[in-house]
Amino acid sequence: QVHLVESGGGLVQPGGSLRLSCAASGRIVSINRMGWFRQAPGKQRELVAVFLPGGSTNSLESVKGRFTISRDNAKNTVYLQMNSLKPEDTAVYYCYLEDALRDGSRRTYWGQGTQVTVSS
C-alpha cells in the first residue's frame, strides 16, 4: 500500500502564493507519474501539473507561468509552487501517484486533498 500525505493548503489573497507538498511512502515499486489534480465545487477533477515518465511535465494551460511543479526523488516528494493565485484557482488539490508494477500494470493512488482558497 502507498500513502500520500499533502500539506500546504490554506487561505490566500488574490496575487498571493502557496506551496503544496506531497510525500509518498509505503511499498512503491516505481513511480511512473506523480503530480497534482484539483476539483472545484460543482466541477470535474482536472489535471493541474504532473511529472510524466522520463521526467518531462505537463500542466494545465491556465496555470502555466504561475504554477511550478518540482520534486525530490530521494524523498518521493512532489511540490507545487503556486504564484499569482486567482480566485478561480480555489479548489481542493489532490496529489496523485501512478505506480508501475513489475507485471507491467499500473496502480493509482490519491491523497486526501488539501483546500486552497483564494479570496480577499
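First, the ground rules. This is a predicted model, with pLDDT of at least 70 needed for local features and 80 or more for side-chain atom pairs, while totals for chains, interfaces and linings use all residues. Residues are numbered from 1 along each chain as its sequence is written, and side-chain values use heavy atoms, with hydrogens and water left out.

Now the fold. The chain has eleven strands and zero helices. Both element types are DSSP runs numbered from the N terminus: helices are H or I with at least four residues, strands are E with at least two. Along its principal axes, the C-alpha trace spans about 50 × 25 × 25 Å. What about the radius of gyration? It is 14 Å, which agrees with the value near 14 Å for a compact globule of 120 residues. That radius is taken over C-alpha atoms, and the globule rule is 2.2 Å times the number of residues to the power 0.38.

Next, contacts. Take those with a separation of 6 or more: 54% of them join residues 24 or more positions apart. A contact means heavy atoms within 4.5 Å.

The chain exposes about 6500 Å², and carbon and sulfur atoms supply 44% of that. The areas are Shrake-Rupley, with a 1.4 Å probe. Of the 120 residues, 40% count as buried. Buried is under 20% relative accessible area, exposed is over 50%, and partly exposed is in between, using a 1.4 Å probe and protein chains only.

Which cysteines form the disulfide? Cys22 and Cys95, with S to S at 2.0 Å. The rule is a pair of cysteine sulfur atoms within 2.5 Å, and the count comes to one. The link is left-handed, with -85° about the S-S bond. It ties distant parts of the chain: Cys22 sits in strand E3 (residues 18-26) and Cys95 in strand E9 (residues 91-100), 73 residues apart. Both cysteines are buried.

Last, the backbone. Most residues other than glycine have a negative phi. Asn76 is not a glycine, yet its phi is positive, about 50°. Asn76 is in the loop between strand E7 (67-72) and strand E8 (77-82). Its relative accessible area is 27%, so Asn76 is partly exposed.

Where is Ser84? In the loop between E8 and E9. Ser84 also has a positive phi of about 50° without being a glycine. At 40% relative accessible area, Ser84 is partly exposed.
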